[in-house]
Amino acid sequence: MNNKRQPSVLVIGAGATGILAGIKLPEAGISDVIIIEKADRVGGTWRENTYPGVACDIPSPHYCYSFEPWPWSSQCAQGGEIQEYLEHVAEKYNVLPMIRFGTTVVSTVYDEATATWTVKTDKGDAFTADFVIAATGILHKPKRPGIPGLNSFSGEMWHTAEWRHDVDLNGKRVGVIGTGSTSHQVVPELVKAGHETFVFQRTPQWVFPFPNLSFPEWMRNRWKEKPERMKPWKSLYKTFIEQFFVKATTGEPVQRTLLNLSSKAYLRLGVRKRDLREKLTPDYGVGCKRMVVNFTFYPAIQKENAHLITDGIQGIEADGVRLVTGELVPLDVIVLATGFDNFAYMRPGSLVGRSGHTIDDAWKDGTYPSYHAVLMENFPNYFLMLGPGTPIGNNSVIGMAEEQLDYVLRLMDIWRNGEADEIEPTPEAVSAFVEYIKAGLGESVWTSGCQSWYLDAAGVPVVFPYTWAEFVASMAKIDRSDLTMARVEPCQQEEVRDAVSV
């Protein structure tokens, strides 16, 4: 007989991580679950990003739930196929009934007297929950550049995460601002379609050549017949990522040398014209920024209708982009491939924890302290998935989320067993984790002298700088001495212990 207490859990976001929570919480015997999703369907970043060429830069067989393989059509799946996969998983595992679609969380406030969270939405609802899981991801708030005159452009302009499929680009001069992973995917599609394409580059990127090979139909049919046949493929790609990419970025000399050689050789052999090659050559170490995994950008940028512009942008005017040289580049359309505010996390919704501490207080100096990338001081029973200190890099976030959610469920078991009503890290544990992260950065590529979206305001990367095996090991054990676990008198809780309520 199961005598565990039944918590109420509210999950924010129905992307890959939120769907995972909707599967694993009921499997653990937790039935009182509500998922709040701002959009009208699941999918997260794969629902939002529909730009031409959108694809995963992690091998598809590895970019899926460990318990649900998929007969992928190619080595790096297109965004639409990943969206289809996530919708399939949500339906198969009966996650959809838990989700309140078209609803945005505007505030999350902790009540110390009852050890519960009150979550308010833009619909006027107020939910009360014992636990909150923020599965908002890191790529959900488009970032627009602070270029003077951005709003003065008279043509069409949009961010890649808000692609305007209703605009006909035929005969148009299209400017793409930014040269990160998104730009490396969308520019080849624009060039291939024959559009006159102008790429405004501030910083060149190192590119790892990884052709997106299609899986033959006979192989996919075998995977459909017996999904377990996919397991060796997942294991193969998983091993490649962990033993090559992860170890290369964390400082293993052999892997790092191979990554350097392959990227530099691809640039040397892939770009014929010396002057163009020099413009595309970064002045920082390979892997310092998130590696661009691509096989189409170099051929595309050498086409006659592709123009790489490396002069700085002075401002945007009604007719186009004014360069610092004084030249005006006339444009009909501007595409902002400028990434996301990866430190937004649960924001713009407000988060208020113990004694009125807000998330803006916790992160006021532009640094992002956490404990095991999941817990934060002064925010009991609040779990931030893929938080600061997660091994975000060239690896599968689904795999990261699985490890973190397993850790969260074991923390919840402390509550369910009646050992504590409040669980949060001690100040000492948070400080120790921050120092642990800093200590591992010395040999990593992230401190080799570049500006990247990994860096906080102090220039410290908020990533896990060790191997995948060490990340898994760090999440496998709960150190109770690092936690503050308090009890709240039953009389204080009786009004909110029943369930999540509206």
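Helix H4 (181–192) gives the most to the lining of the second largest pocket, with five residues. Helix H9 (297–301) also gives two or more residues to this lining. Helices here are DSSP runs of H or I with at least four residues, strands are runs of E with at least two, and both are numbered from the N terminus. The second largest pocket holds about 390 Å³ of space. In total, 21 residues line this pocket. Gly-53, Asn-212, Asn-294, Phe-295 and Thr-296 lie nearest its centre. By class, the lining has eleven nonpolar, six polar and four charged residues. Ala, Val, Leu, Ile, Met, Phe, Trp, Tyr, Cys and Pro count as nonpolar; Asp, Glu, Lys and Arg count as charged; the others, Gly among them, count as polar.

Pockets were found on a 1 Å grid over the protein atoms alone. A pocket is an open set of points with protein on both sides within 12 Å along at least five of seven lines, whereas a cavity is a set where a 1.4 Å probe fits but cannot get out. Lining residues have an atom within 4 Å of a point. Points are joined across faces, edges and corners, and a volume is the space filled by probe spheres set on them.

The model is predicted; local features need pLDDT of at least 70, side-chain atom pairs count only at pLDDT 80 or more, and totals for chains, interfaces and linings use all residues. Residues are numbered from 1 along each chain as its sequence is written, and side-chain values use heavy atoms, with hydrogens and water left out. The mean pLDDT (the predictor's confidence in each residue, from 0 to 100) is 92. A value of 70 or more is reached by 94% of residues. Over residues 491–502, pLDDT stays under 50. For this segment the model has 30 contacts (heavy atoms within 4.5 Å) beyond four places in sequence. Where pLDDT is low, the predicted coordinates should not be read in detail.

The largest nonpolar core has 140 residues. Such a core is a set of buried Ala, Val, Leu, Ile, Met, Phe, Trp, Tyr and Cys residues joined through side-chain atoms within 4.5 Å. Buried means under 20% relative accessible area, exposed over 50%, and partly exposed in between, with a 1.4 Å probe and protein chains only. Leu-25, Ile-133 and Met-412 touch the most other members. Helix H11 (residues 397–416) supplies the largest share of this core, eleven residues. Beyond four places in sequence, Met-412 is in contact with Val-9, Leu-25, Ile-30, Phe-131, Ile-133 and Phe-383. Apart from this core lies another, of 14 residues, including Ile-177, Phe-200, Ile-309 and Leu-323. In soluble globular proteins, nonpolar side chains tend to be buried together.

Val-33 lies in strand E2 (residues 32–36). Its relative accessibility is 8%, so Val-33 counts as buried. Leaving aside neighbours within four places, Val-33 contacts Val-9, Val-11, Leu-25 and Met-98. Thr-121 belongs to strand E5 (residues 116–121). Thr-121 is buried, at 6% relative accessible area. Its contacts, not counting residues up to four places away, are Thr-103, Thr-104, Val-105, Val-106 and Phe-127.

Thr-160 sits between strand E8 (156–159) and strand E9 (173–177). Its relative accessible area is 1%, so Thr-160 is buried. Thr-160 touches Asn-49, Tyr-51, Thr-182, Val-335, Leu-336 and Ala-337, again excluding residues up to four places away. Cys-288 lies between helix H8 (274–279) and strand E12 (292–293). At 0% relative accessibility, Cys-288 is buried.

Backbone geometry shows three further features. Most residues other than glycine have a negative phi, and most peptide bonds are trans. The bond from Arg-347 to Pro-348 is cis, with omega near 25°. Pro-348 is in the loop between strand E17 (333–336) and strand E18 (350–352). Ala-373 has a positive phi, near 60°. Asn-381 likewise has a positive phi of about 60°. Ala-373 lies in the loop between helix H10 (359–362) and strand E19 (382–384), and Asn-381 is placed in the loop between H10 and E19. Ala-373 is buried at 1% relative accessible area, and Asn-381 is buried at 0%.
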